[in-house]
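User: Hi! I am new to protein structures and would like to learn how to read one. Could you take me through this one step by step?

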Amino acid sequence: MTTPNASAPLDPATIARMEMMRMASVRATISDEHERFGGLVAAWSGDCKWNSEADGWSPDAPTTREHLEGVVAYYDDRQSDANLTIAPHLDGGLLPDLHDLGFRLKGVDLQFAIDLGDAALEGARYPEGVLVVDVDLSSEEDVAEWSRLTGVTHFGGEQTDDDIRLDRRVVEHPNTRCLFVVDGATGERVGLGGVEVYDGLACLFMGGVLESHRRRGLQLAMIRQRLHIAREMGAHHAIIGSAPNSPTERNALRAGMRMVFPKLEFVRERAD
């Protein structure tokens, strides 16, 4: 089987392969430790809220039931629940095995994509007085603020030391650009968003705005700006994940993206 062609037309199965391969690469690159089980990469970064889980896909190593059993043992050894994400376009045959092994569905993450080669992208229109600046990698203050805003906008609270360490690796990850939305009147950073390009596919990630500045069009403007950035970074396609019926879904559609496939998120509670 060959590697998906990043410059091919927008095709759900192709985009799913590219995205799951991107995720496997990210997990392997930024995690404290990781292990491969077929196409899956099981990552471990302690108490990090978003990175101690398994996902991915490989054209050369199909995931089997035996690999799923290995994922279960990997997280049991770390006295942790096993969180695992698959794309049913690619690994739908694993669903009976996941059920048998005690996994339950905990969520659906819809993936919206756009062909940047064909798209007539609209410009980002921010309210008057709003600025967008890059995260300064040399500034400890900027990196700490990125992590703080990630916690507030996505996880509802304080960040652990593990969260902060992994957030720094995200900001410093190759082919990644991270941005702040700034209230020009006060200088307060009120939102954030990132772009990562992997083999021609750009992922728009961690987009969020503080509650005090929502319903002003900031998220839609950030999506549109990041699509332009993705094109400038050489991406052929861009993707963004969203919970069903969320503001991100509505804004992705307004920006010209369309739903191409779902990710299914599973959890298996750790053994006693």
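Analyst: Gladly! Let us begin with a term: helices (H or I, at least four residues) and strands (E, at least two) are DSSP runs, numbered from the N terminus. The chain has eight helices and 11 strands. Gln-79, for example, sits in the loop between α2 (65–77) and β4 (82–86). Two notes on the source: this is a predicted model, in which local features need pLDDT of at least 70 and side-chain atom pairs count only at pLDDT 80 or more, while totals for chains, interfaces and linings use all residues. Residues are numbered from 1 along each chain as its sequence is written, and side-chain values use heavy atoms, with hydrogens and water left out.

User: Is Gln-79 buried or exposed?

Analyst: Here is the general idea: buried means under 20% relative accessible area, exposed over 50%, and partly exposed in between (1.4 Å probe, protein chains only). Gln-79 is exposed, because its relative accessible area is 62%. The backbone of Gln-79 has a phi near 50°, a positive value in a residue other than glycine. Met-206 also has a positive phi, near 55°, and is placed in strand β9 (residues 201–209).

User: What share of the 272 residues in the chain is buried?

Analyst: Buried residues make up 54% of them. One of these is Ala-54, in strand β3 (residues 54–55); Ala-54 counts as buried because its relative accessible area is 0%.

User: Which residues is Ala-54 in contact with, beyond its neighbours within four places in sequence?

Analyst: Contact means heavy atoms within 4.5 Å. With those neighbours left aside, Ala-54 is in contact with Val-41, Ala-42, Val-71, Tyr-75, Asn-83, Leu-84 and Thr-85. For the chain, take the contacts with a separation of 6 or more: residues 24 or more positions apart account for 71% of them.

User: How do I read a nonpolar core?

Analyst: Think of a set of buried Ala, Val, Leu, Ile, Met, Phe, Trp, Tyr and Cys residues joined through side-chain atoms within 4.5 Å. The largest one here has 59 residues, of which Ile-15, Ile-114, Leu-116, Trp-146, Leu-227 and Met-257 touch the most other members. Apart from it lies another core, of 19 residues, with Ala-42, Leu-94, Leu-98 and Phe-266 among them.

User: Where does Leu-227 lie, and what does Leu-227 touch?

Analyst: Leu-227 belongs to helix α7 (residues 218–232). Its relative accessible area is 1%, so Leu-227 is buried. Not counting residues up to four places away in sequence, Leu-227 touches Ile-114, Leu-116, Leu-121, Leu-204, Ala-238, Ala-255 and Met-257. Leu-227 and Leu-116 are 111 residues apart in sequence, and their C-alpha atoms are 7.7 Å apart in space.
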